[in-house]
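Keep the structure open beside you as you read.

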Amino acid sequence: MPDREPTITVWNRQRIVPIKLVALQDFAQRALRQCLKSLGRKPGILTDLQELNVILVSDRRMAELHRRFLQQPGPTDVITFQHGEIVVSAETARNQAQGFRTSLGHELRLYIAHGLLHLHGFEDKTPVGAAEMKRIQEKLVASCR
């Protein structure tokens, strides 16, 4: 484990969806701290990273990344890279927020929590893993308000 807590920075690299960046940055810092404190040691790399970046992008950019790295067509909500980048589609978050009748901020917080959990070693490739991640990310978002 590193001598100091890793830093996390939220970057807005899209212009389509207005973002409350300061609030999202505050959440990301609280969520990272909570992950490191309460989730114990898992086989993930979160405890080894010194710097994390959350990058908000458009659906167009997310679709490019989704195709390039996961060989899947179209945009997705969040992609987590093991070197400490969590890429989030702001447009998908906005659309999902409308569909689920929640706020954009809530969706973005869920996606950041989801990325942090992946870096902490959680996987959602099975129904059991996906259910566990969903439960923990909801709890993480609620605890970091």
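Among contacts in the protein chain between residues at least 6 apart in sequence, 65% join residues at least 24 apart, where a contact means heavy atoms within 4.5 Å. Before we go further, please note that this is a predicted model, in which local features need pLDDT of at least 70 and side-chain atom pairs count only at pLDDT 80 or more, while totals for chains, interfaces and linings use all residues. Residues are numbered from 1 along each chain as its sequence is written, and side-chain values use heavy atoms, with hydrogens and water left out.

The protein chain has five helices and four strands, which follow one another from the N terminus as β-α-β-α-β-β-α-α-α. The radius of gyration of the protein chain is 14 Å, close to the 15 Å from the globule rule for 145 residues, so the chain is as compact as a globular protein of that length. Here the radius is taken over C-alpha atoms, and the rule is 2.2 Å times the number of residues to the power 0.38. Helices (H or I, at least four residues) and strands (E, at least two) are DSSP runs, numbered from the N terminus. Along the principal axes, the C-alpha atoms fill a box of roughly 40 × 30 × 25 Å.

What share of the 145 residues counts as buried? The figure is 47%, with buried meaning under 20% relative accessible area, exposed over 50% and partly exposed in between (1.4 Å probe, protein chains only).

Let us move to the aromatic rings. Rings of Phe, Tyr and Trp (its six-membered ring) pair if their centres lie within 6.5 Å; planes under 30 degrees apart count as stacked, over 60 as edge-to-face and the rest as tilted. The ring centres of Phe 69 and Phe 81 are 5.0 Å apart and their planes stand at 80 degrees, so the pair is edge-to-face. Because Phe 69 belongs to helix H2 (residues 59-70) and Phe 81 to strand S3 (residues 78-81), the pair ties together parts that are twelve residues apart in sequence. Phe 69 is partly exposed at 37% relative accessibility, whereas Phe 81 is buried at 14%.

Finally, look at Phe 100, in helix H3 (residues 90-100). Phe 100 is exposed, with a relative accessible area of 58%. From Phe 100 to Thr 76 the C-alpha to C-alpha distance is 16 Å, and the two are 24 residues apart in sequence.
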